[in-house]
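Visitor: Could you take me closely through one part of this model, the place where the domains of the chain meet, and then follow the helices and the ligand shell from there? I would like each term given with its cut-offs.

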Amino acid sequence: YDDRDGVIWMDGVLTPWRDAKVHILTHAMHYASSVFEGERAYGGKIFKSREHSERLLFSGRELDIPIPYTADQIEAAKDETLKASGLKDAYVRALCWRGSGEDMGVASARNPVHLAIAIWAWGAYYGDAKMKGAKLDISKWKRPSPETIPCFAKAAGLYMICTMSKHAAEKKGCSDALMMDYRGYVAEATGANVFFVKNGEVHTPKPDCFLNGITRQTVIGMLKEKGITVIERHIEPSEMESFEQCWLTGTAAEVTPVGQIGDYNFEVGALTRSIAEDYEKLVRA
Ligand code: PMP
């Protein structure tokens, strides 16, 4: 990803893509002092841009990484970068991190906080699973308790669990992994939230120890508008036996049908298809 044309916004300057570099003694490289956002632009407009900027600021506050920009400034920076990219449909990555400075130990309060925005074309996150239904492994790694880490932040450190889970899944020929939470309840996939359908009702894990995705909230709103009952609750893994349909939601994943999780199978049913289509329409409205 580093060797291509284009520009990346770094601390207020549109920098040639290949020159957008940091020093090896960047605090974030050693101690994961970094928070970020993943967003998508459709037809030249970033979907729920303001919500993503607000979540970035929230993540910074949670991790004691004071972001030196306001939501308005972040909005303007993203717009500037999107225009410069020349792309209409694109993925937007805003990244905030502690740089190198006075501190090289665990503490980083005296090191500067940086912001960068990179935008590139990114198609379907799960490839052709988007049509057929993705196959998921069940991860051995659990989402941590809220007493362990600020689990509602989109923080780099939390993603090590996701990366290990996804690598293990890919080695088994799966596209992703479903993770349980620290209590053993169904939590989420490594970069997306999960929904199930049973008897015309939708069940989804209560987001009390993981990211309450912006796509998740959008999809819940769409389901309620259709008059469909949505139940947010703790879900035991064994309940997956009785669920008929399943899909994932996320900025990158959008609405992706799931065909299999471990030994449990799901059909890519009518509700899954209609929610995927409605979401597609909504983001371009
Ligand atoms: N959970 C995790 C771990 C994620 O990385 C993402 C993607 N940001 C989500 C859920 C979905 O969040 P959103 O819909 O806001 O993209």
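Guide: The domain assignment divides the protein chain into domain 1 (7-120) and domain 2 (129-284), where the bounds come from an automatic or database domain assignment. This is a predicted model, in which local features need pLDDT of at least 70 and side-chain atom pairs count only at pLDDT 80 or more, while totals for chains, interfaces and linings use all residues. Residues are numbered from 1 along each chain as its sequence is written.

The C-alpha centres of the two domains, domain 1 and domain 2, lie 26 Å apart. Their contact takes 21 residues from domain 1 and eleven residues from domain 2, two residues being in contact if their C-beta atoms, placed from the backbone, lie within 7 Å. On the side of domain 1 that touches domain 2, the elements giving two or more residues are β3 (34-42) and α2 (49-62), and the largest share, eight residues, comes from β3. Helices (H or I, at least four residues) and strands (E, at least two) are here DSSP runs, numbered from the N terminus. By class, this side of domain 1 has nine nonpolar, five polar and seven charged residues; Ala, Val, Leu, Ile, Met, Phe, Trp, Tyr, Cys and Pro count as nonpolar, Asp, Glu, Lys and Arg as charged, and the others, Gly among them, as polar.

Helix α2 also packs on helix α3 (residues 71-85), at an angle of about 125° and with the axes 9 Å apart. The axes are lines fitted to C-alpha atoms, for helices over the stretch in contact, and angles run from 0 to 180 degrees between N-to-C directions. That angle makes α2 oblique to α3, since angles under 35 degrees count as roughly parallel, over 145 as roughly antiparallel, 65 to 115 as roughly perpendicular and the rest as oblique. From α2, the contact is made by Ser49, Arg50, Ser53, Glu54, Leu56 and Leu57, and from α3 by Ala71, Ile74, Glu75 and Lys78; these residues divide into four nonpolar, two polar and four charged.

Another helix pair is α6 (214-225) and α7 (residues 270-284), whose axes come within 11 Å and cross at roughly 110°, so that α6 and α7 are roughly perpendicular to each other. Here Val219, Met222 and Leu223 in α6 meet Ile275, Asp278, Tyr279 and Leu282 in α7, a contact with six nonpolar, no polar and one charged residues.

Turning to the ligand, 14 residues surround it, the closest being Gly213, Ile214, Thr215, Gly250 and Thr251; a residue is near a molecule if its C-beta atom, placed from the backbone, lies within 6 Å of it. The elements giving two or more residues to this shell are α6 and β13 (245-250), and α6 provides the largest share, three residues. The shell residues divide into four nonpolar, eight polar and two charged.
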